[in-house]
Amino acid sequence: MGQNNKVTEFVLLGFTQDPVGQKVLFVMFSLIYIVTMVGNLVIVATVIISPSLGSPMYFFLASLSFMDAVYSTAISPKLIVGLLRDKKTISFTACISQLFIEHLFGGVDIVILVAMAYDCYVAIRKPLHYLIVTNRRTSQK
């Protein structure tokens, strides 16, 4: 009979075991997370609200900012909360879910960056044709 070893949770060792250092890191990572979220959401709101930012490049920029906000929300809170808790563990399911979300949104970011690069290529290669294609009035007729 073989032994059945089943992993149910992982122990997160973190950056430091010093309680004061953990509180400093908590404040630092919290501020970075808040600045990241506010900056990305301001970019998304600006692109949505402003009618002059209707070109595809701004749409891709807003999409990239939104994906970055979702990506940060999937990763950072567990780190931030883990800095304050005494029991620093993550379940196997939560770890795999977080890893899946990280790879999913990382892949979506790459696809958006490729689309942005192609948009720039078309804008540089055929600038007059690009203006006609991206104009909403001519493309609707």
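At what angle do the axes of helix 2 and helix 3 cross? The legends below, drawn from a predicted model, begin with this crossing.

**View 1. The crossing of helix 2 and helix 3.** Helix 2 spans residues 56-82 and helix 3 spans residues 92-125. Their axes come within 10 Å and cross at roughly 165°. Because angles over 145 degrees count as roughly antiparallel, helix 2 is roughly antiparallel to helix 3. The crossing in which helix 2 passes helix 3 is left-handed. In the contact of helix 2 with helix 3, 18 residues are nonpolar, three are polar and five are charged.

**View 2. Asp-109 in helix 3.** Is Asp-109 buried or exposed? Asp-109 counts as buried, because its relative accessibility is 15% and the limit for a buried residue is under 20%. When neighbours within four places in sequence are left aside, the residues in contact with Asp-109 are Leu-64, Met-67 and Asp-68.

**View 3. The aromatic pair of Phe-10 and Phe-92.** The whole structure contains three aromatic pairs according to the search. In the pair formed by Phe-10 and Phe-92, the ring centres are 6.0 Å apart and the planes stand at 45°, so the arrangement is tilted. Phe-10 belongs to strand 1 (residues 9-11) and Phe-92 to helix 3, so this pair ties together parts that lie 82 residues apart in sequence.

Note on methods
Residues numbered from 1 in each chain as written. Predicted model: local features only at pLDDT ≥ 70, side-chain atom pairs only at ≥ 80, totals over all residues. Heavy atoms only, no water. Axes fitted to C-alpha atoms, helices over the stretch in contact; angles between N-to-C directions. Helix = DSSP H or I, 4+ residues; strand = E, 2+ residues; numbered from the N terminus. Parallel < 35°, antiparallel > 145°, perpendicular 65-115°, else oblique. Left-handed = near helix turned anticlockwise from the far one by under 90°. Nonpolar A, V, L, I, M, F, W, Y, C, P; charged D, E, K, R; others polar. Phe/Tyr/Trp six-rings, centres within 6.5 Å; stacked < 30°, edge-to-face > 60°. Buried < 20%, exposed > 50% of the residue type's maximum accessible area, 1.4 Å probe, protein only. Contact = heavy atoms within 4.5 Å.
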